[in-house]
Amino acid sequence: MAEFFSFLGDPNRLRVLSLLANKELCVGDLAALLEMSESAVSHQLRNLRAMRLVSYRKQGRNVFYHLHDSHIFHLYQSVAEHIDEAD
């Protein structure tokens, strides 16, 4: 579990997850929204796939990424709500 949360400590990975929590996107769209190179985004997505945080589907030549399952969405949502709570 410590490795999992440590992995999520990377700001770029969290930015990718944040965007994918709203809708599925392709690498090019993610790169544009994050102002990162497609290569850098692909690297992050490869790591996120290895940790089973994101999955993909192919549609023709395009590959669309989304959160792996509802557990990942609920984890992201819970942490975001916790951070937004007033003391």
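**Surface, fold and largest pocket**

Mentor: In this predicted model, the protein exposes about 6,000 Å², and carbon and sulfur atoms supply 51% of that area.

Trainee: Which pattern does the protein follow along the sequence, and how does its radius of gyration stand against the globule rule?

Mentor: The secondary structure comprises five helices and three strands, and the pattern along the sequence is α-α-β-α-α-β-β-α. For 87 residues the globule rule gives 12 Å, and the protein is close to that value, so it is as compact as a globular protein of that length; its radius of gyration is 13 Å.

Trainee: Which helix gives the most to the lining of the largest pocket?

Mentor: The lining has 14 residues, with L8, L14, L17, Y76 and V79 nearest the centre of the pocket. At least two lining residues come from each of α1 (2–7), α2 (11–20) and α5 (70–84). With six residues, the element that gives the most is α5.

Trainee: How many residues of that lining are nonpolar?

Mentor: The largest pocket holds about 230 Å³ of space. Its lining includes one polar and one charged residue, while the number of nonpolar residues is 12.

Methods. Residues numbered from 1 in each chain as written. Predicted model: local features only at pLDDT ≥ 70, side-chain atom pairs only at ≥ 80, totals over all residues. Heavy atoms only, no water. 1 Å grid on protein atoms, 1.4 Å probe; cavity = no way out; pocket = protein on both sides within 12 Å on 5 of 7 lines; lining within 4 Å. Points joined across faces, edges and corners; volume = space filled by probe spheres on them. Helix = DSSP H or I, 4+ residues; strand = E, 2+ residues; numbered from the N terminus. Nonpolar A, V, L, I, M, F, W, Y, C, P; charged D, E, K, R; others polar. Rg over C-alpha atoms; globule rule 2.2 N^0.38 Å. Areas by Shrake-Rupley, 256 points an atom, 1.4 Å probe, with all protein chains shown as cover.
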